[in-house]
Amino acid sequence: MSALLEVRGLTKRFGGLTAVHDLDFEVREGEILGVIGPNGAGKSTTFNLIAGTYAATAGDVRFAGEPILGLAPHRIAARGVMRTFQHNRPFAGMPVIDNVLVGAHTRFGATLWSVVLGRSRAEEARRRERAAELVQFVGLGELARADVTTLSFGQGRLLEIARALAGEPRLILFDEPAAGLTAAECARLAEIIRGIAARSIAVLLIEHDMHFLLPLAHRVVVLNFGAKIADGLPAEVRTHPAVMDAYLGSHAAH
Amino acid sequence: MKLVAMLAAALIAVAAQAQDTIKIGVITDRVGVSKPYSEPATEGMVFGANEINKKGGVLGRRLELLVEDDQSKPDVSAALARKLIDQGAVFILSVSLSPATQQQQTVTMEAKTPQMTPMNSADYLTTQLDNPYFWQTGPLGSVQIATLLAHAKKQNLKRVALITDNSDLGQAIGKAFRGGLEKAAMQVVDEEVVPLGATSATPQMQKIRAANPDAMFVAGVVTATNVLIFKAYRELGLKFPIHASYNLSVPIYMTAAKGLVNGITFVDAYDPDKPEVKAFEATYRKETGKEPANLHGYGYDGIMLVAEAIKKAGSTDKEKIRAAMQSLTYGGVMGAKGMKYHFPEGKRTGFDPNGMVVRVYEGDRQGRVVHVGQQ
Amino acid sequence: MKSENPLALRATPLIRGAGAFIVLAGAAFFMGDYHNDVYRKLLLWVTLALGYNFLFGVCGQVAFSHFAFYGIGAYSIVIFLFQLHLPFPLAAICGIALCIAFALAVAIPSTRLEGFYLALVTLALGQLFIVVLNEGGTVTGGTGGIANYRLPEIYGLRLRGPWYTAVIALLVVATYAVLVRLDRSWFGRACRAVRDNPEAAAAMGVDVARTKVIAFTLTSVLAGIGGMVYAFVDNTVNPPIFGIENAFLLLFMVIVGGAGRHAGAVIGAVLLFLLPFWLSPLVGHHHALVFGVLVVAAILLEPRGLIGIYDRVADRYKGSPSR
Amino acid sequence: MQDFFELAVGAAASGCVYGLIGLAYLLIIRPTGIINFAVGEWAMLAAFGGYVTLTKYEWPYPVGMAVVLGLMFVVGWATERVVVRRLVEGGAPLLAPILALLGMLVVFRESISVTFPPDPHPVPDAFGIGRLELGPIGGTYQSFFTIVTALGVFIGAWLFFERTVAGKAFEAVALNRRAAALMGIDLTRVTALSFGAGAVVAGLGGLLVAPNISAHYLMGVPLAIQGFTALVIGGVGRVAGPLLGGLLLALAEQLTVRYAPVPAGYAQGVPLVLLMVFLLLRPTGLLKAKV
């Protein structure tokens with residue numbers, strides 16, 4: 001399998017602090033790549049660099065061979081890289097289905113002019129149908145018309161996923177998707193993420209919780225202090241001494 | 001059949017009742033920027049209408065004032081003009097903002113209804129639209145400056161400064177003043193505007209001081225802004241004489257600008273020593289218990305002129321009233337002794353160009369008339 | 001679905017729009033001059049409120065330039081027609097072009113600003129516009145504005161009285177249709193997303209700056225077109241109409257009615273425009289005070305706007321769970 | 001040059017007034033996030049208070065001033081109690097109280113408009129009309145009084161926020177309302193106090209400027225806009241922000257009139273253009289917030 005997302009030499013400094021240092025990894029087509037690490041390991045910074053929220057100090061990120069580092073977030077989304085937020089960020093003034101339709105924003109072909117002339121109804125209906133399917137897929141089918149402010153935290157997370165899927169991505173970036181979820185919700189989430197990979201959409205998963213991530217990921221990259229300390233299959237990483245050290249160390253510090 | 005007859009009788013009764021009064025529309029401003037001027041003028045009109053009614057009304061019918069508040073909004077004002085016409089007003093008196101009066105004209109012109117402003121002084125009101133149903137008896141900005149200049153002739157002014165505010169009337173009068181000064185071949189060495197909301201007029205006065213004029217002309221009409229100007233003038237210890245628009249004639253300066261106005265020359269349309277004024281003030285005090293001022297006089301003269309026109313027309317037919325108004329000559333409260341409103345040769349500005357007076361503040365009091373007319 | 005006559009499907013919104021137009025325009029023919037005049041101005045306020053609601057309620061941008069654009073439209077059509085003597089269609093196109101140019105000039109740099117900074121820039125713009133009108137000499141007529149013109153004849157017809165009201169009714173219906181269509185499209189959702197959470201919107205592929213610029217330009221142009229129509233309501237244009245006071249009133253209309261809701265904007269505009277007309281005979285010069293108290297009370301009791309009352313009633317009848 | 005110094009003193013006094021109005025915004029924005037455009041009307045209320053106490057009843061200046069400012073605190077507190085608290089505690093969006101206060105602007109203005117005649121009402125200078133010369137710097141008593149008073153208020157506000165526990169409580173509420181509540185800070189009290197203090201500061205601005213511009217029913221909105229402009233130019237991050245912004249705005253306004261070679265009518269537009277350019281170039285204000 002070829003690399004869909006290539007990260008080379010990625011570095012980010014905030015003032016004197018190096019949050020991410022010379023990071024290399026890649027996400028291949030259709031795989032689930034997990035990035036783990038203790039608190040402050042640089043996971044979130046890495047995520048935000050790829051998603052375009054932060055500007056990198058150095059390095060290169062290529063998606064499908066094209067450089068995407070330095071592009072605005074909406075351009076990265078338009079290329080087919082969608083994301084979820086760790087703290088759910090629904091659009092509070094819209095029902096669930098419309099939230100999902102915002103995710104499909106870049107996939108609409110109708111111009112404003114044709115919207116004004118009422119020629120975009122067929123496309124709108126088609127997209128709406130497809131959004132309904134996605135709502136169904138993540139298990140929010142009955143809540144499609146509900147006000148998003150009435151959703152529980154776990155349902156909100158599912159909405160984040162449906163919204164990201166609506167952009168017909170080739171890669172989805174998950175920012176700590178299991179954070180704040182109950183065990184049952186985590187199990188359901190894992191199932192959905194496997195389902196996404198089964199649709200041959202690549203997944204990059206940033207996660208703090210090893211117990212959630214390791215059974216799910218195809219490959220794992222471990223970060224500590226902004227640098228990669230290990231990578232490989234979940235089974236290999238689990239027993240890697242540096243990893244155990246980092247995690248035990250970080251737990252001891254709590 | 002009986003029912004129809006009853007209905008018809010009722011209709012006739014209603015019509016007769018409607019015939020009872022002569023309806024005069026008044027468009028004023030009770031909440032907006034023109035309120036300080038519109039309210040007293042309206043009070044003067046109400047007083048005048050009562051006086052007429054006590055004496056038996058006009059053509060044996062009572063005058064009924066229909067007062068509407070346009071909030072100084074021109075678009076609302078035009079709608080209210082239509083309302084008054086729908087309600088049967090045969091004449092409309094406008095004492096709100098000048099642009100509001102202007103916008104009412106688009107309606108009165110179309111509906112062929114006589115309209116007059118007894119107070120608005122912007123020159124453009126009769127020049128922009130050729131509306132034969134509209135008259136203006138407020139003293140024009142161009143008359144004000146001509147009168148001031150006639151009085152200042154012996155001072156032999158050559159270099160003068162002009163200051164005004166950015167209200168619409170202030171700008172209009174400023175424009176008229178500039179025209180008058182240029183016509184008199186004076187050099188306007190500096191021209192300043194103090195915008196509404198300014199917290200200091202010092203920079204403007206400094207600039208005028210630097211230009212070193214023989215005199216300063218104040219065209220502004222916003223009292224608070226003029227007080228600000230006079231304060232800066234006093235604080236900078238300036239000495240050149242001030243000649244001011246008719247706004248200085250409102251009595252509020254005597255209390256609101258205490259210690260600031262002594263020696264200021266201003267133009268007025270009101271002579272307290274005129275017998276008609278003395279009579280008006282005495283009855284006004286007696287009837288209302290309040291102290292009248294020149295602003296009340298504008299409204300009073302306005303309703304009197306309308307009553308005269310209707311009397312002369314001998315009918316409430318709008319076309320006849322129009323003709324009567326155009327040929328009217330009438331002496332009222334406003335203007336110099338003996339001044340008469342008239343509209344010669346189809347002119348629609350009725351205030352006699354020689355009917356304004358010049359007065360000077362003595363201490364905080366408005367002094368006697370020191371000059372009359374443009375000669 | 002597919003078995004239905006596609007023509008019938010496509011005609012529905014058209015028929016609805018035509019119906020609304022006939023009702024709105026037809027009403028004018030049963031009114032006297034006064035009510036027609038108030039009605040015309042009311043319909044124009046409704047148009048403005050609909051556009052402003054899209055900008056403020058749907059897209060979340062607080063701007064006070066709406067009346068400046070209304071004025072640019074009004075003054076430009078008059079100046080182009082009667083001073084430059086352009087033919088009517090060309091004058092209208094030039095007026096719209098002018099609105100677009102000004103709107104872009106304001107919007108493109110302003111998208112860097114958030115929330116109340118845009119409000120302040122547009123507040124300054126609104127005041128500046130009045131300064132320019134007052135100082136515009138013979139071009140704008142200064143404080144007296146421009147008068148003494150009439151709607152030119154188009155194909156030998158001069159629209160007057162209720163017929164001109166019909167033109168305004170058409171404007172309202174067209175504005176409503178355009179805005180509702182936009183609102184229900186990807187563009188409307190993008191606007192709401194930008195309002196609710198710009199960062200999340202960007203992550204979904206929405207170009208936040210571009211969306212704001214388009215929304216601002218579009219609604220400003222709609223205001224400009226409204227202004228062009230206004231110019232022939234009383235056949236005079238003058239500065240006080242286009243001042244900041246009216247911009248605040250427009251904001252109140254949208255808030256009291258219900259920001260983000262087209263029906264709310266209509267309700268707010270109708271109520272607040274007519275309120276002084278009703279109150280003035282009842283309470284005299286206290287009407288402005290009562291107006292203020294009512295606005296505050298409305299916001300206190302219905303922070304989501306009066307449309308909220310309708311929603312609750314509708315919910316009860318539908319039996320759906322209340323919010 | 002003498003002109004310049006003289007102008008600078010007058011402009012500084014105007015700037016201090018704008019700064020005080022800006023500070024009134026800031027005192028309320030800090031703990032609540034609410035932009036209260038009715039501060040200009042508060043200044044108007046205090047100016048009318050000054051007219052009644054100082055001009056009509058001729059009370060001694062300090063007594064009249066103290067009474068008026070005391071009443072302003074009550075006005076501010078009552079505004080919060082009646083209009084704002086209900087919305088904040090009901091969980092309404094932030095815009096709701098802002099707009100309700102915009103409605104209160106109309107209520108305040110019209111209350112004055114129906115109570116007093118529409119003419120300007122005189123309010124006396126604190127020390128009468130007169131000039132003070134300090135070397136090349138000369139100005140009116142009132143200008144110097146305004147500058148000194150405003151500086152005193154700003155120093156007081158700075159000390160309050162930087163040096164007192166109560167000030168830290170305000171700051172904490174500003175940063176995170178929920179966390180502040182967990183820390184045992186009484187949110188309601190802080191909010192009410194901020195409105196009371198805002199009204200006092202705005203009222204002081206009104207009292208100080210009233211001898212120049214007179215008390216009248218339309219004075220509020222221009223002050224509200226000037227104060228807000230001062231706040232935006234200076235930035236909300238620091239207490240000194242509105243003062244700096246106010247001074248810059250007043251200087252720009254008055255120096256433009258005095259020295260800029262533009263026709264008089266357009267001079268008033270110059271500060272507006274400057275403001276627009278400034279906002280577009282530096283939307284966060286001059287003073288950045290402390291991190």
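Mentor: Before we start, two residues are in contact if their C-beta atoms, placed from the backbone, lie within 7 Å.

Trainee: Got it. How far apart are the closest C-alpha atoms of chain A and chain B?

Mentor: They lie 32 Å apart, and no contact joins the two chains. Keep in mind that this is a predicted model, where local features need pLDDT of at least 70, side-chain atom pairs count only at pLDDT 80 or more, and totals for chains, interfaces and linings use all residues. Residues are numbered from 1 along each chain as its sequence is written, while chains are lettered from A and ligands numbered from 1 in the order in which they are written.

Trainee: And what about chain A and chain D?

Mentor: No contact there either, with the closest C-alpha atoms 11 Å apart.

Trainee: How many residues do chain D and chain C put into their contact?

Mentor: Chain D brings 30 residues and chain C brings 28 residues.

Trainee: Which helix of chain D gives the most to that side?

Mentor: Helix 4 of chain D, with 10 residues. Helices here are DSSP runs (H or I, at least four residues), numbered from the N terminus.

Trainee: What is the makeup of that side by class?

Mentor: The side of chain D that touches chain C has 22 nonpolar, 6 polar and 2 charged residues. Ala, Val, Leu, Ile, Met, Phe, Trp, Tyr, Cys and Pro count as nonpolar, Asp, Glu, Lys and Arg as charged, and the others, Gly among them, as polar.

Trainee: Switching to chain B, which domains does it have?

Mentor: Domain 1 (2-139 + 274-342) and domain 2 (142-268 + 357-372), with bounds from an automatic or database domain assignment. Their centres, taken over C-alpha atoms, are 31 Å apart.

Conventions
Helix = DSSP H or I, 4+ residues; strand = E, 2+ residues; numbered from the N terminus.
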